[in-house]
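Hi everyone, thanks for coming. Let me put the structure up, and then we can walk through it together.

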Amino acid sequence: MLTTRPRGTADLLPGEVEKWQYVEERARDLCRRYGYREIRTPLFEHTELFVRSVGAGTDIVEKEMYTFRDRGGRELSLRPEGTAGVVRAFLENGLHAGPQPVKLFYLGPMFRYDRPQAGRLRQFHQFGVEVFGSADPAVDAEVIALTVDFFAELGTPDVQIELNSVGCPECRPVLAERLRRYLAPHLADLCGDCRRRLERSALRVLDCKNRACRALLAGAPTAPDYLCAPCADHFAGLRRHLERDGIGYRLNPRLVRGLDYYTRTAFEITVPGLGAQNALGGGGRYDGLVEECGGPHVPAVGCAIGMERTLLYLAERGVELPARGGPEVYLVEAGAPEGAAADLLRRLRRAGFAADRDYLGRSLKAQMKHAARLGVAFTLILGADEWARGCVAVRHMETGQQEEIPLGDVPAYLRGRLNR
Ligand code: AMP
C-alpha cells in the first residue's frame, strides 16, 4: 500500500517528464501565437458547478466524479474537466465585463473515476482552450485550427477532425422527439444506458458504443437534418471557414459529446489505430453555459486535448521528443583546495549551464565513471596542480580529448561548444 500508487494514476519520472514539458511548451507557444492567455483554476470546485454544467444525467457526473465533503461540510468534487471551472472563474472575476472576446487556455490534471486502461486514467491531464464572447463561426474554426496546428507542430499532421452540429435548445427537442419516436418500437432491444438517455438527453443514444444499439440506430434521424435556420447557417459558416483555411474534416452526424453543455458545433480529434481510446481531444460550442451558471448570455466555444493520449500517440508514431535533462557538465574534484570546486560550480550555474558535482566522497576514478553514466558532454577535473596554475582540465566526453583551460575562460569555452 505505502509503495503502490492509487489505481489509474501515474508517476512521471525524469526522462519522461521532459517529453511532457516539451509538449506543454509547444501548447503554450501555440496559444501565445493565437492570442490565448493562461488561466489556472482550482483542482476542486463545488460539486453543484459540475452537476449544473456537465449535466446531472451524464456519465461524468453520475459515475465518475471524485466527490467528497470537506471538514466544513461543503460538497466538493475534483474537477473532471476544465470548462466548468473556467466559466465559473470568468464570471466570478468579472471577465465578462471586460473587452471581448476573452481567449483562455489551461493545462493541468483532471479526475474521473473510470475503468483504467491504456490511454484512460483516473488522474489525467488536459490542454484546453476556451473563447468567450463571440458567436461567430470563425471562432469555432480558429479553435479547430489551433488543435490541428498543435498536432502538426508535434510532428503528427495526420489527425482527423470529426465534425457535427448538435443544434440548440430550439431545434434539439425536435430531433430528440424524432429519435424517441424512431426508437419506440425497439425499446426492449436498447441497452439500459440508452433507455435512460432517451428520456433525458436523447441525442446521446446516437453515440452509444453497444453493437445492438448501433445496429438499431443505423437509419435513425441525426442532428444536421433537424437544425433550425440559425444553427444551419452557423454550421454552414463554420464549414466555409474550414474549407477556406484548408482544414480537412469529416462530417459525423452521430457525433454527440458526453457533456450536456454543447450547442451547435461539436468536434473530435481522432486518429486511426489508437484502439478504443482513439479520441485525442474534443470540443465544441457552449452558448448557454455561462447563463446556466448564473451569468449573462455569453456565447463560447472551446476544446480539450488529452495529454496522455497525445503522448501515447506520438510514441506510437515514433515521433522523437527531445528528452533533454540532467547535467551537461560534471565537475570532478581532484585535490584542489576546499571551496575551489564549489566556487567554479556556482559560476557555471550562474552562467546558465546544468552543472553538478559529487556529494558522496567518491574517488577520482569513481567520479569519472559517474560523469560518464550521467551522459554529460564535458567533465571538468579540478586537480591541485591545475588549480595552482589557475586552470582546470576539460574533457570532452565524446572524443575523450582533454585540454587545460584557464578558470576564467571556462564559461566562454563551454558556451562555444554547447552552442549557447
Ligand atoms: P472529454 O472532456 O471527455 O471530451 O475528453 C477530452 C479528451 O481528454 C479526450 O479526448 C481524451 O484525450 C482525454 N481524456 C478524457 N478522459 C480521459 C481519461 N480518463 N484518461 C485519459 N485521457 C482522458
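Which residues form a nonpolar patch on the surface? They are L43, F44 and F68, and together they have about 250 Å² of accessible area. Patch residues have over 30% relative accessible area and no salt bridge, and nonpolar side chains (Val, Leu, Ile, Met, Phe, Trp, Tyr) are joined within 5 Å. A salt bridge here is a side-chain nitrogen of Lys or Arg within 4 Å of a carboxyl oxygen of Asp or Glu. Areas come from Shrake-Rupley with a 1.4 Å probe, and for residues only the protein chains shown count as cover.

A quick word on the source: this is a predicted model, where local features need pLDDT of at least 70, side-chain atom pairs count only at pLDDT 80 or more, and totals for chains, interfaces and linings use all residues. Residues are numbered from 1 along each chain as its sequence is written, and side-chain values use heavy atoms, leaving out hydrogens and water.

Now the ligand. It is surrounded by 13 residues, and the closest are R112, L121, Q126, R257 and L280; the criterion is a heavy atom within 4 Å. A polar side-chain atom of R112 sits 2.8 Å from a ligand oxygen. For G281, a backbone N or O atom is 3.1 Å from an oxygen atom of the ligand. The protein covers 91% of the 480 Å² of accessible area that the ligand has on its own.

How values were computed. Patch = residues over 30% accessible without salt bridge, like charges linked within 9 Å, V, L, I, M, F, W, Y side chains within 5 Å. Polar contact = N/O pair within 3.5 Å; in protein donor to acceptor, adjacent residues only side chain to side chain.
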